[in-house]
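Trainee: Could you give me a close look at one part of this model? I'd like to follow a single packing arrangement from start to finish.

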Amino acid sequence: MGEKSFQIFPEAASTIAGHVDALYAYLVLVSAFFSLLIAFCVVYFAVKYRRRGDEIPRPMDEHSIGGMILEIVWSVIPLGLSLVMFAWGASIFFTESRPPADSMEIYVTGKQWMWKIQHNEGAREINELHVPVNRDIRLTLTSEDVIHDFYVPAFRTKTDVLPGRYTTEWFRPTKVGAYHIFCAEYCGTKHSGMIGTVYVMNEADYNAWLAAGSGEGSMAEQGQALFNQLGCGTCHPSEINKLNGRCPNLFGLFGTTVELNDGSKVKADESYIRESVLYPQSKIVAGYDNIMPTFKGLVTEDGLLKVVEYIKSLGPRNGMPSSATSAPAQTSGPQPPAAPTANSRAGNPATPGNR
Amino acid sequence: MITATPTVQVKKSYFNQKQGLASWLLTLDHKRIAILYLLGVTFFFALGGIFAALIRLELATPAGDLVESNTYNKFFTMHGIIMVFLFLIPSIPAVMGNFCIPLMIGAKDVAFPRLNLMSWYIYMIGGCFVITALLMGGVDTGWTFYTPFSSSYSNGYVVATGLGIFIAGFSSILTGLNFIVTIHRMRAPGLTWFRLPLFIWAHYATSMIQILGTPVIAVTLFLLVLERGLHIGFFDPAYGGDPVLFQHMFWFYSHPAVYIMILPSMGVVTEIITTFSSKKPFGYTFIAFSSVAIAVFGFIVWGHHLFVSGQSAYAGMVFSVLSYIVAIPSAIKVFNWTSTMYKGAVRLTTPMLYALGFIGLFTIGGLTGLFLASLGMDVHLTDTYFVIAHFHYVMVGGAIMGFLGGIHYWWPKIFGKMYNENWSKISAIIIFIGFNLTFFPQFILGYMGMPRRYHAYPQEFQVWNVLSSAGASILGIGYLIPFCYLLWSLKYGPDAPPNPWGAATLEWTTQSPPLAENFEVTPVVTQEAYTYTTEEVVHVG
Amino acid sequence: MDSPTVIAPGEAGAPPHHGHVEHHFEDASQQKDAATVGMWCFLVTEVMFFGGLFLAYFAYRQAYPAAFASASNNTNLIIGAANTTVLICSSLTMALAVHFAALGKRQLIVLFLALTLLLGATFLGVKAYEYHDKWVRHEVPGYHFDCRTEEGAPCTDAAHTPLFFSLYFGMTGLHATHMIVGVGIILFLIAKARKGAYGPEWYTPVELFGLYWHFVDIVWIFLFPLLYLIDRSAAK
């Protein structure tokens with residue numbers, strides 16, 4: 001982890017880290033310039049214009065034009081420099097808000113005071129996250145209790161992890177190594193103990209690690225087991241073109257836009273699935289009645305993520321879980337238009353051979 | 001005229017015109033109320049400082065080996081709550097605002113003296129609630145009380161503390177209300193708005209924030225207390241609520257609150273720099289309007305505390321650009337202060353040292369705020385020690401330096417005594433050095449990734465933490481020294497003349513200390529603000 | 001020394017026996033001006049105070065429209081409308097009290113203050129009845145909460161209906177608290193009015209209290225539609 005005893009910078013181990021460091025350099029330069037300028041002026045004026053004897057300066061005329069020009073100059077120049085800071089930071093932020101369409105998905109559940117991580121293929125880890133280098137990784141995170149925050153300084157990225165909601169974070173690691181994970185939102189007694197390690201491995205090592213993972217089957221398979229165990233399948237069809245008038249068909253549902261009974265439209269993303277299971281009465285699909293019972297208390301957050309993965313796997317959008325095309329789930333803000341991808345259901349037949 | 005007699009004749013002033021404990025505790029005199037507040041804020045500053053010392057002591061080593069985690073979490077929570085709500089928010093307005101505003105505008109008192117006294121009692125009662133909660137076991141939520149930890153998980157005394165802050169908030173509201181009415185309606189004849197000292201403009205802007213913002217934190221804490229007591233789901237998802245709504249409501253007040261803490265300090269600095277340059281402030285109108293602009297814009301940037309909280313990216317963009325705009329008026333002030341010294345006649349007295357220290361440290365603090373306003377940069381830096389360093393630079397390097405500068409500037413007027421200038425300069429320098437050593441390493445820690453509110457930390461952060469803790473001990477010593485020489489001056493210091501500094505605002509035309517009724521004759525103002533003449537020049541002792 | 005620049009407290013413009021001018025004011029008109037500005041500032045703080053609750057209301061109504069529509073159906077429209085009428089009438093009687101205070105008609109001041117008090121107390125009584133009714137019907141959030149429609153079925157999106165009721169009690173409760181304080185102040189004003197304290201030279205307390213009372217009324221005029229009227233027919 002680069003345990004040098006004297007360090008000023010963390011390692012830069014993601015694609016965005018270099019951009020953030022460059023912005024930082026600009027900010028430091030501008031700040032140093034103005035701090036030193038002011039400090040110099042203050043000291044210089046204090047010395048050069050120190051009071052000698054009893055004289056006080058002749059009252060100066062109110063600095064008319066000259067004064068006004070100065071005020072404008074030192075308002076406009078800082079404003080300009082600031083807007084550069086704003087634009088540069090905003091552009092980095094937008095990149096951080098848009099995970100690439102073919103990112104590899106990993107699910108993280110935070111709870112006091114540990115991180116539980118689930119890979120699609122079924123591997124599970126606690127306080128450790130193994131990822132392959134040079135791949136886009138997208139995390140979907142939720143909390144079981146209070147607000148946490150998943151922070152990897154080496155990747156320069158973090159996001160709050162909220163109870164009752166999914167948030168996302170993505171990165172593309174560039175350097176093999178081990179890096180800190182910190183919880184960065186105060187969460188109680190062992191907040192500073194809620195730390196872990198990201199292990200970035202080269203592709204071969206990662207696949208080997210994955211193969212040795214949990215024997216419980218992939219997340220989607222575990223999700224299917226839960227789906228049946230909870231009785232969801234007694235009402236919801238999950239095969240193509242099956243309709244029974246009582247419950248909406250889940251085949252190919254994920255990522256589409258659903259029309260609700262009050263005329264509004266909502267995107268069927270991870271959050272929608274979760275809400276439908278826990279608070280089915282909040283959103284009723286158009287043409288259906290309000291008959292779905294709630295499963296609150298009957299399924300854990302981990303279980304919900306498995307069910308979500310299962311539903312994602314239904315339909316032509318299903319592919320190899322780790323290379324599955326998945327629409328970036330925006331849990332907040334306006335939904336971007338669903339980007340048509342090579343595997344979109346707009347036209348392609350199902351390719352079961354892709355499993 | 002009082003003729004000098006061989007025996008010492010005590011000068012008649014507000015200090016001794018009435019005597020006895022009751023005359024202080026039931027006073028309606030704004031000057032006495034200011035001193036009551038001074039006692040209160042000093043006590044809470046000391047208490048908050050003790051917690052700071054304990055924090056830095058623990059953080060000198062990477063392991064959590066001084067106290068256990070729950071205790072440490074209470075340390076930083078109590079430090080934050082006491083320093084923000086019970087020290088910084090009241091400090092300058094309640095002490096120096098109360099004392100100086102009526103004098104500066106030629107009035108006999110504030111508009112509502114009884115309300116003023118009631119504000120002090122409300123403040124003390126709120127403080128008592130917080131202390132009671134502390135003695136019962138304290139609270140461990142962080143001063144930001146984020147839900148659902150504070151509403152459903154914490155084992156601390158959230159309700160008692162929340163009620164204490166709720167009550168103390170009314171003191172702030174009523175003080176702001178009092179000042180607004182006073183400044184509007186009680187100015188001496190001839191004292192138009194643009195002849196007012198800039199200290200008054202600063203307090204006017206501060207009061208606007210106090211009356212508009214504080215009720216929102218009151219209702220937020222009220223809902224939090226309801227949720228915790230009755231399990232009503234305002235903010236806890238388990239009951240159907242939204243934890244991010246709490247953050248929006250909390251920061252809607254708490255961001256403008258930081259301007260409540262800094263604007264009065266800026267007002268003090270303007271007065272000091274002007275007086276000790278013997279020159280009217282450069283760009284009077286710009287400084288006045290920038291105070292109001294900061295107050296107004298300060299209300300529309302709260303979302304920059306929620307960039308990674310699940311707020312929409314578009315909202316983030318809006319708050320980010322507004323946060324840069326709110327920084328510009330502060331930059332204008334810094335340039336204007338510096339320009340005031342240009343071709344002035346500068347005297348490096350103790351208040352001036354504090355004011356110049358303010359300029360340097362506030363500049364650094366404000367510039368590092370720009371780091372945090374930048375979205376992409378904030379993702380890395382938020383919730384780390386960078387934020388802690390930033391706000392301590394503006395709050396301690398800024399607001400507290402201004403407070404101390406004001407104390408040293410108006411001490412002769414308030415108490416009628418001069419303090420020892422050598423000791424005061426030495427402690428100002430010690431504070432400056434100790435402060436930088438404490439907080440500059442925290443910028444580095446933050447970029448390295450050390451999160452805030454951490455009881456224990458990885459080994460590679462230790463070097464900077466040790467430097468910071470060493471600085472904290474120097475800073476602590478620096479704060480203790482003024483306590484000594486200022487108290488000493490009350491008994492042994494030389495008497496202060498009416499205008500030891502050669503200042504040009506109205507409070508310096510009265511005796512030191514002033515009479516209870518301030519002015520024997522209501523002054524009539526005929527000159528522009530800050531008109532210095534040679535007759536004003538007095539040799540400083 | 002009686003020099004022209006000395007302004008003795010209470011001299012210039014002080015009324016003969018009504019309304020003492022405080023020593024720190026130059027004259028009665030400055031005192032009245034200050035009190036008026038002060039009351040308006042205070043009302044601004046009250047707007048922000050209620051504003052926080054309105055913000056929470058709007059946020060949750062937007063998030064859970066079905067639950068809010070269903071829950072608001074359980075408020076009693078007739079009682080709410082009647083209460084609104086009572087409160088508006090009390091604003092009328094208060095305005096008349098101020099009017100007569102300015103004219104110094106002692107008995108009419110007392111009469112209209114008493115009517116305001118009566119109407120205000122009626123409003124509070126009806127509110128108490130409504131609260132009791134909600135308690136009996138299990139609509140108070142907490143352990144026994146159970147929101148049901150007229151037909152006895154659970155409310156739509158029942159899991160989120162406690163939010164509506166929490167806000168209902170929070171907002172109307174805060175409003176009622178302000179009214180109780182107001183009622184207390186009216187009693188004080190009545191006592192003073194009976195002694196003839198208010199007249200053309202000085203009726204500031206009545207006038208400024210009138211501002212406060214009208215403000216409390218206006219808050220209710222916002223609360224009533226939000227809690228009782230919106231989405232009533234849209235609920236299933």
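Mentor: Happy to. In chain C, helix α1(C) passes α6(C) in a right-handed crossing, meaning that the near helix is turned clockwise from the far one by less than a right angle. Keep in mind that this is a predicted model, in which local features need pLDDT of at least 70 and side-chain atom pairs count only at pLDDT 80 or more, while totals for chains, interfaces and linings use all residues. Residues are numbered from 1 along each chain as its sequence is written, and chains are lettered from A and ligands numbered from 1 in the order in which they are written.

Helix α1 of chain C covers residues 28-63 and helix α6 of chain C residues 204-229; helices here are DSSP runs (H or I, at least four residues), numbered from the N terminus. Their axes lie 10 Å apart and meet at an angle of about 15°, with axes fitted to C-alpha atoms over the stretch in contact and angles running from 0 to 180 degrees between N-to-C directions. That is why α1(C) is roughly parallel to α6(C), a label for angles under 35 degrees.

On the α1(C) side, the contacting residues include C:Met39, C:Leu43 and C:Phe50, and on the α6(C) side C:Leu208, C:Leu211 and C:Phe215 are among them. Contact means C-beta atoms, placed from the backbone, within 7 Å. By class, this helix contact has 11 nonpolar, two polar and two charged residues; Ala, Val, Leu, Ile, Met, Phe, Trp, Tyr, Cys and Pro count as nonpolar, Asp, Glu, Lys and Arg as charged, and the others as polar. C:Lys32 and C:Glu46 of α1(C) also take part.

Definitions and conventions: Helix = DSSP H or I, 4+ residues; strand = E, 2+ residues; numbered from the N terminus. Parallel < 35°, antiparallel > 145°, perpendicular 65-115°, else oblique. Contact = placed C-beta atoms within 7 Å.
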